[in-house]
Amino acid sequence: MGKAGRRQKKNPKRLWSSISGLLGHSTRSAAPPPFSAQDFLQMLTDKIEGLRASTDGSSPPQYSTTEASFDGFRPIVESELRRVISSSNLKSCELDSLPPFIIVDIIDDIIGFFLYMFNRSLQEGHLPSSQKCAIVFPTLKKPNLDPNVCQNYRPISNLSFLSKTLERLVSIQLLPFLEQSGLLPARQSGFRGHHSTETALLSLLSDIYSAMDKSQVTLLALFDVSSAFDMVDHEILLRRLELACGLHGPPLCWFRSYLTGRTQRIILGDTRTSWVEVKFGVPRGSVLGPLLFILYTADIPSLFTKHSVTGHLYADDVQAFGHPPFGAALSCSIHCCTFL
């Protein structure tokens with residue numbers, strides 16, 4: 001492993017980015033695509049509206065409940081804030097009033113202001129509108145996809161340094177509560193410490209090999225949710241945070257403020273849209289977005305039990321599998337092959 005690899009060995013995301021660059025992989029096209037930022041926004045809007053319309057007749061969600069309670073943030077202290085800022089990626093955004101590297105250079109002069117601003121936001125359960133804006137850059141989903149097709153891009157949000165810092169401070173307090181209360185989904189390997197695609201694969205293979213030892217066959221169904229992050233319903237998520245995660249008082253009010261009233265502007269090449277309201281979804285590229293998504297989908301494993309199967313999740317990818325009797329498995333396999 002070279003010097004760059006050793007520097008990034010404790011950060012899998014950056015390590016993979018370094019390796020991907022060395023291998024010549026890139027998600028960016030060499031030239032701007034032949035569509036505008038407004039075209040991408042229209043495609044995204046139409047897609048979300050179409051998907052929501054297709055579920056209009058669905059039954060209302062059933063919410064699990066917990067006796068655990070998270071009803072207040074503790075005050076942020078100076079040493080904690082310094083640690084978060086010093087360990088942050090100093091990537092700048094056009095929404096930043098000051099570039100992050102300047103903030104770090106003058107932190108001694110402004111840290112008192114930051115402490116007051118962040119603690120007041122958490123105590124009052126309110127996030128200022130200025131910290132709910134995002135600059136969105138469409139990014140190609142996979143390197144081998146056609147860069148000229150609008151649908152092959154996903155929206156990646158670029159947020160202000162201050163908003164991401166506050167999100168990290170919230171995560172530092174919320175994650176230990178969720179872990180200690182056993183509220184994180186046990187069969188979800190995405191966006192979690194000590195979990196990865198490897199843990200998801202090992203869990204799946206372990207169950208399949210155990211079935212083989214018992215002379216059982218395995219039927220596996222793979223599901224991929226369309227526009228998963230962009231389709232998150234804020235009211236359903238907030239209800240889940242309240243009932244299934246035990247958030248009350250200022251923390252619940254803060255998350256309501258965080259989710260509602262968000263705006264975004266899409267930039268693509270030389271084109272950009274006006275500011276538009278974000279009615280659904282959690283921002284890709286945010287700190288809290290991935291955590292909120294796995295909490296939003298935490299009850300999916302309960303469907304496994306309901307239908308006498310088991311499974312594992314990695315982010316929005318679902319692997320559901322069962323071990324039916326051989327005759328039933330053969331019949332089902334033929335049925336599936338005919339359908340495909």
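Strand 8 covers residues 317-322, and it pairs with strand 7 in the antiparallel sense over 5 bridges.

These two strands are part of an open sheet of 3 strands, with the order 3-8-7 and antiparallel pairing. Which strands form the edges here? They are strand 3, at 219-224, and strand 7, at 310-314, each of which pairs on one side only. From one strand to the next, the twist averages 15°. Helix 8, residues 197-213, lies across strand 3, strand 7 and strand 8, and runs at about 165° to strand 7.

Consider helix 6, residues 107-124, and helix 7, residues 161-180: their axes come within 11 Å and cross at roughly 60°. That angle makes helix 6 oblique to helix 7. Helix 6 passes helix 7 in a right-handed crossing. On the side of helix 6, the contact is made by Phe114, Met117, Phe118, Ser121 and Leu122, while helix 7 contributes Leu162, Thr165, Leu166, Leu169, Val170 and Gln173. How many of these residues are nonpolar, polar or charged? The contact of helix 6 with helix 7 divides into 8 nonpolar, 3 polar and no charged residues.

Helix 4, residues 78-86, also meets helix 7; their axes come within 10 Å and cross at roughly 120°. Helix 4 and helix 7 are therefore oblique to each other, and their crossing is right-handed. Glu80, Leu81, Val84 and Ile85 of helix 4 make this contact with Phe161, Thr165, Arg168, Leu169 and Ile172 of helix 7. The residues of the contact of helix 4 with helix 7 comprise 6 nonpolar, 1 polar and 2 charged.

There remains the pair of helix 4 and helix 6. Their axes come within 10 Å and cross at roughly 110°. Helix 4 and helix 6 are therefore roughly perpendicular to each other. In this contact, helix 4 supplies Glu78, Leu81, Arg82 and Ile85, and helix 6 supplies Ile107, Asp108, Ile111, Phe114, Leu115 and Phe118. The residues of the contact of helix 4 with helix 6 divide into 7 nonpolar, no polar and 3 charged.

Finally, I come to confidence. The chain averages a pLDDT of 87, and 86% of the residues score at least 70. Which elements of the chain have the highest and the lowest mean pLDDT? Helix 10, residues 249-259, has the highest, at 97, whereas helix 13, residues 326-339, has the lowest, at 41. The pLDDT is below 50 over residues 327-340, a stretch that has 5 contacts in the model beyond near neighbours in sequence. Over residues 1-5 the pLDDT likewise stays under 50, and the model has 3 contacts for them beyond four places in sequence. Where pLDDT is low, the predicted coordinates should not be read in detail.

Definitions and conventions
Residues are numbered from 1 along each chain as its sequence is written. This is a predicted model: local features need pLDDT of at least 70, side-chain atom pairs count only at pLDDT 80 or more; totals for chains, interfaces and linings use all residues. Side-chain values use heavy atoms; hydrogens and water are left out. Axes are lines fitted to C-alpha atoms, for helices over the stretch in contact, and angles run from 0 to 180 degrees between N-to-C directions. Helices (H or I, at least four residues) and strands (E, at least two) are DSSP runs, numbered from the N terminus. Angles under 35 degrees count as roughly parallel, over 145 as roughly antiparallel, 65 to 115 as roughly perpendicular and the rest as oblique. A crossing is left-handed if the near helix is turned anticlockwise from the far one by less than a right angle, and right-handed if clockwise. Contact means heavy atoms within 4.5 Å. Ala, Val, Leu, Ile, Met, Phe, Trp, Tyr, Cys and Pro count as nonpolar, Asp, Glu, Lys and Arg as charged, and the others, Gly among them, as polar. pLDDT is the predictor's confidence in each residue, from 0 to 100. Two strands pair if DSSP finds at least two bridges between them.
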